[in-house]
Amino acid sequence: MSAASKLISMQQAVAEHVPSGSMVLLGAQLEQMIPFAAGHELIRQGRRDLTLVGPISDILFDQLIGAGCVSHVLAAWVGNVSAGVGYGLRRAVEHNIPRPVQMVDYSNFTLALGLHAGALGVPFMPTYSTLGSDLLKKNGNLREFPSPVNEEKLVAVRALRPDVAILHAQRADQFGNTHLWGNLGVAVDGARAARKVIVVAEEIVAPEVIASDPNRTLIPGFLVAAVVHEPWGAHPSPVQGYYGRDHAFFSQYHEQSRQVEDFEKWLARWVAGVADRREYLNLLGACRVESLGVRQHAFSAPANFGY
Amino acid sequence: MSTRAQPEAPARGYSLGELMVAAAAREIRDAEVVFVGMRLPLLAFLVAKRTHAPAAIGLYENGVIRETPAPELLYTMADPPNLLGATLCGQMLDVMALLQQGRVHVGFLGAAEADRFGNLNSTWGNRGGQDIRLPGSGGACDIACLAQRTVVLLEHDRNRLVERVKHVTSPGFGSGDSWRRAQGLPLRSGPSAVITTLGVLRFSNDGEAYLASVHPGVRVEDVLGNTGWTLRVADDLLETLPPSGAELAVMRELDPNRFWTNR
């Protein structure tokens, strides 16, 4: 018996697995490995009423909100990490442009605990965080309760079960067994909590490569619905060992999203104006792509699994 | 328009941003576990590591633990230089676990507003009477609830230092006295310092902020006139120590274009 390959194109993965109305986890590794290529495909395919889930989303959430794909956001932070506010979020929340968005405010820890509860298959996880805050008052998924084992107060963080987690990774095999390294954020719990996982990988490698280092296999293939081979799919965010962060791109987006007309132009140029990631990279230009590449490789020592 | 006072010190050899980064770095004691956070503290931690606190340990909420300073300027905690040579790269819960256990000595935060009891708002701003949606908590609420000490950095004007924040993103001492305990927050936790563009505020036992030091060239009246409540002033008010040559050298080596300190 041989398993079937799950390798499909980004267009196909988004078309088959992320319908309008889905709850989607994106940006699970915080400022690393943000699945921008997948997000841009969601915009191109005209998704609506998505519920976005993520800790610190950086500018991908801002773009999806600005493009009108989103009705709800469950997140700790939506903006531009190197520049501050996200104008897309501001326009949507303050002025309903292009459509209203409801933001449910979490802290990073409580968002992680929501996914952890989902991953464990329990209805909530307890914490002291958010006690005394307005997050606790306003987020209906955070509820204070008396500890059943002592006299303390705790907050129950309701389990989150996203319909889809879209996770960018360094390498995977065609069956979805995925090697991920660097900072992990909420990716591991996100993969377990979600009903479906789409892995977007810089490289597709032979199953033997994955099996050679099972400690690095953080997403087992049987949880994965689709594997997309998309080199540079996280640009302008970094992928450890593959490319650096394009700081200038974040600053440029900040300026070019300040006014709605400029944002529309940005979207027309970088998202609607390209058919896929390859065209996006052509637009970015070979020089810029090259300048972001790894300057000095730093390989870890091999681990011996022999016996 | 705000009537923000700009310290005039044409002769000084450092920027206000550099002064604030140095002041932040000094809140870190050697061998402490530090929850670093975003923006200016990214640089402050590196300065502390390379000057007076070489054994400090940095935790980053993306899941990174570092005992050596990153070799390059960081714009975000997940920049590749912050992962290369890290002590540990793991999950967010790995570092949040240490925070909730009370093993983090000091955490750094920014905010749009801070009030007289050190409560912070980074969710809703206001400009010209209109509400502005800000990015939100990130890890700020977690750090404010759970770190042993919290240090805040922000611009000093009446719109930022207010009597009462309009949204408690990150709880400080609430309404003072035993408020934190009544909420169920850990006994050993709460705001320790607010480093502004004019001075440094600290907190009395009743949870209320007082002016502990003014930056060189700043008058006490400038601070009081730019604070949204009647700010107490320490009997032994100090002048904030300017950045040392060693601190400036680290900042300028790591951040030659003064991305974080050009103000």
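Which strand order does the open sheet of 10 strands in chain B have? The views below, taken from a predicted model, begin with that sheet.

**View 1. The open sheet of chain B.** The order is β4-β3-β2-β1-β5-β10-β12-β13-β14-β15 (chain B). Pairing in this sheet of 10 strands is mixed. Strands β4 (88–89) and β15 (232–239) of chain B form the edges. Each edge strand pairs on one side only.

**View 2. A strand pair inside the sheet.** Strand β5 (residues 106–110) of chain B runs parallel to strand β10 (residues 149–154) of chain B. Five bridges join the pair. Gly110(B) is found opposite Leu153(B) of β10(B).

**View 3. A helix on the sheet.** Helix α4(B) packs on the sheet. It touches β1 (33–35), β2 (57–60) and β3 (64–66) of chain B. The directions of α4(B) and β2(B) make about 115°.

**View 4. Two helices from two chains.** Helix α5 (residues 108–120) of chain A meets helix α4 (residues 92–101) of chain B, with axes that come within 10 Å. The axes cross at roughly 120°, so α5(A) and α4(B) are oblique to each other. The crossing is left-handed. From α5(A), Asn108(A), Phe109(A), Ala112(A) and His116(A) take part; from α4(B), Met92(B), Leu93(B) and Met96(B). Five of these contact residues are nonpolar, two are polar and none is charged.

**View 5. The side of chain A that touches chain B.** Here 49 residues of chain A contact 45 residues of chain B. Elements of chain A giving two or more residues to this side include β2 (50–56), β3 (70–77) and α5. The side of chain A has 22 nonpolar, 19 polar and eight charged residues.

Methods. Residues are numbered from 1 along each chain as its sequence is written. Chains are lettered from A and ligands numbered from 1 in the order in which they are written. This is a predicted model: local features need pLDDT of at least 70, side-chain atom pairs count only at pLDDT 80 or more; totals for chains, interfaces and linings use all residues. Axes are lines fitted to C-alpha atoms, for helices over the stretch in contact, and angles run from 0 to 180 degrees between N-to-C directions. Helices (H or I, at least four residues) and strands (E, at least two) are DSSP runs, numbered from the N terminus. Angles under 35 degrees count as roughly parallel, over 145 as roughly antiparallel, 65 to 115 as roughly perpendicular and the rest as oblique. A crossing is left-handed if the near helix is turned anticlockwise from the far one by less than a right angle, and right-handed if clockwise. Two residues are in contact if their C-beta atoms, placed from the backbone, lie within 7 Å. Ala, Val, Leu, Ile, Met, Phe, Trp, Tyr, Cys and Pro count as nonpolar, Asp, Glu, Lys and Arg as charged, and the others, Gly among them, as polar. Two strands pair if DSSP finds at least two bridges between them.
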